[in-house]
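Here is a short tour of one protein model for you to follow with the structure open beside the text. Take your time and find each residue as we reach it.

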Amino acid sequence: MLQTTLFSMLAIFLGHSFVAERFSFHHENILGTSLEIKVSASSQAVAKEAETQILAEIDRLASVYSTYDPKSELRRWMENENENAIVSKEVIELFRMCEESWTESQGAFDPRVGLAIELWKQAEKDQKVPTDRDLESIVAATKIQAWRIDEANQSVRRLAKVPLTFDGIAKGLIVDRTCEAAMKVAGIEGVLVNIGGDLRLSGNLEDEVSIADPKSPAKALTKFLLDNRAIATSGNYHRGFKIGDQSFSHIFDPRSAKPVGHVVSASVIAESAATADAMATAFSVLSVEKSLELCNNRPQLACMLISADGKMHMSESWPKSEHEPKSSSGSLATTGKSDEWNGGAELRVDFEINRTDGRGYRRPYLAVWIEDKNQTPVRTLTLWLQTDNPGPRWHRDLKRWYKQNGNRKLTNGSNLIGTVSAATKPPGAYKAIWDGKDDHGKTVKHGKYTLFVEVAREHGTYQLMRKEVVIGQEPHAGDLGQNVEIKSVHFEYLPRGLGK
């Protein structure tokens, strides 16, 4: 009896004696975008096991939900015609959630919008805007019931052979299931999974989340702490259609088959990533007033919408932050003294990583920073220091950045690219913006500076790129070239008033 009591006390002690650490992992070209993982774990080995489980679950569910892979379960089902096909529980769940989201959104979310997408893809190819008759035909076809679920026999019958798209919900559903898989790993206290801006936090893990500015996605409109919730953002600033000199959104109203652009960004907080994903799509379609009404009537939902006129609209339960305007509808216009460098002026840096080893490649260590004419570091714009190990070990792989004393004091293993909810972007493509302030928040003077991009890949190559940048009254742009790690780097300096 005494021995059993001692073992029980020891187990309790050991169970609470470790201090969980945070570990981060970053991958590119996962489901056609970027993957960010953060875990609170008892050890590095446990964190890596969680990463392994997340990647495995993504692969498993991609083989179920992908509409691009002809071998996926969903794609094979879509090729059946009027057959009562036996399907997995994952497919049943997807169709059930689609029906619930369609009802909840009053038809604004509808996988049958694939008909409209195909119409506009062909219109872009032909460079001819669809006629009213074309649109009416698509709307009529969209109203036809496309499937019927028979949960008793675990089957789904296809009732109409119309193109379906599940892009507005499947990624969120995958995020939910990968979080659940990671939380089953012994020693994991909390997890964050972010796939292309759709993210969820589970367990004992709180993180600061930013909402990207649709006019300048490298900037954050607002920041707030989130835990045990999910968030997704839908927007038309990364993709779209071009017909002649007209640009059209890639988001369509299934009730009219027309592209929508009155909401340029819709962010939704919900209990699950799948719900957040679907409702972010729906709120891009509905009027701002209707979206706020639906959200305010559901306490488990919160939303922030950016309308085409640049105004910010938030539901009653949207988390407050010092980064937000005090009212629920405000202007996104920048402020600042006209004689200051940062009074609307900015240096934009767009860079893209090469896909070195195909699908799911790990992100390299990278620094993007500014030095003055005396080779003194002024501002670090982007810093990726770690993949799976906290601490200063990987700093030294970024040789020039690390040797600068000012840079070494800047951070203790942190990542200047935080967790961001934004519209899905291509894998490997990133942006950085310099607002004219140094690392201490002081505005710098006009003059000549040097833009540096330094890259080091574990078990890979080391690259250093640089280019002089002239900061003054005139616009200035240039390229830093490319190498085995970097596909492209382009910068553009826009004096105050030209960047808006």
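Gln106 comes after helix H4 and has a positive phi, near 60 degrees. Keep in mind as you look around that this is a predicted model.

Let's step back into helix H4 itself, which covers residues 89-104. Does its length fit its number of residues, or what span should we expect? At 1.5 Å a residue, its 16 residues should span 22 Å, and the end C-alpha atoms are 22 Å apart, so the two values agree. The buried residues of H4 are Glu90, Val91, Ile92, Leu94, Phe95, Met97, Cys98 and Ser101. What do they pack against? Their partners include helix H2 (44-65), helix H3 (73-78) and helix H7 (170-183), along with strand S4 (147-150) and strand S5 (155-158). Helix H8 (273-285) is another partner.

Phe95 also belongs to the largest nonpolar core, which has 87 residues. Phe95 is among the residues that touch the most other members, together with Val39, Trp77, Trp147, Phe166, Ile169 and Phe283. Helix H8 gives the most to this core, with nine residues. A second, separate core has 27 residues, including Ile370, Trp384, Tyr430 and Ile486.

Now turn to a sheet. Four strands form an open sheet in the order S21-S20-S24-S25, with antiparallel pairing. On average, neighbouring strands here are turned by 15 degrees against each other, direction ignored. Inside the sheet, S20 and S24 pair over seven bridges, and Ile370 stands opposite Leu451 in S24. The table lists the four strands.

| Strand | Residues | Note |
|---|---|---|
| S21 | 377-384 | edge strand, pairs on one side only |
| S20 | 365-371 | antiparallel to S24 |
| S24 | 447-456 | antiparallel to S20 |
| S25 | 462-471 | edge strand, pairs on one side only |

Finally, how many disulfides are found in the whole structure? The search finds zero.

Definitions and conventions. Residues are numbered from 1 along each chain as its sequence is written. This is a predicted model: local features need pLDDT of at least 70, side-chain atom pairs count only at pLDDT 80 or more; totals for chains, interfaces and linings use all residues. Side-chain values use heavy atoms; hydrogens and water are left out. A disulfide is a pair of cysteine sulfur atoms within 2.5 Å. Two strands pair if DSSP finds at least two bridges between them. Helices (H or I, at least four residues) and strands (E, at least two) are DSSP runs, numbered from the N terminus. Axes are lines fitted to C-alpha atoms, for helices over the stretch in contact, and angles run from 0 to 180 degrees between N-to-C directions. The expected span of a helix is 1.5 Å times one less than its number of residues. Buried means under 20% relative accessible area, exposed over 50%, partly exposed in between (1.4 Å probe, protein chains only). Contact means heavy atoms within 4.5 Å. A nonpolar core is a set of buried Ala, Val, Leu, Ile, Met, Phe, Trp, Tyr and Cys residues joined through side-chain atoms within 4.5 Å.
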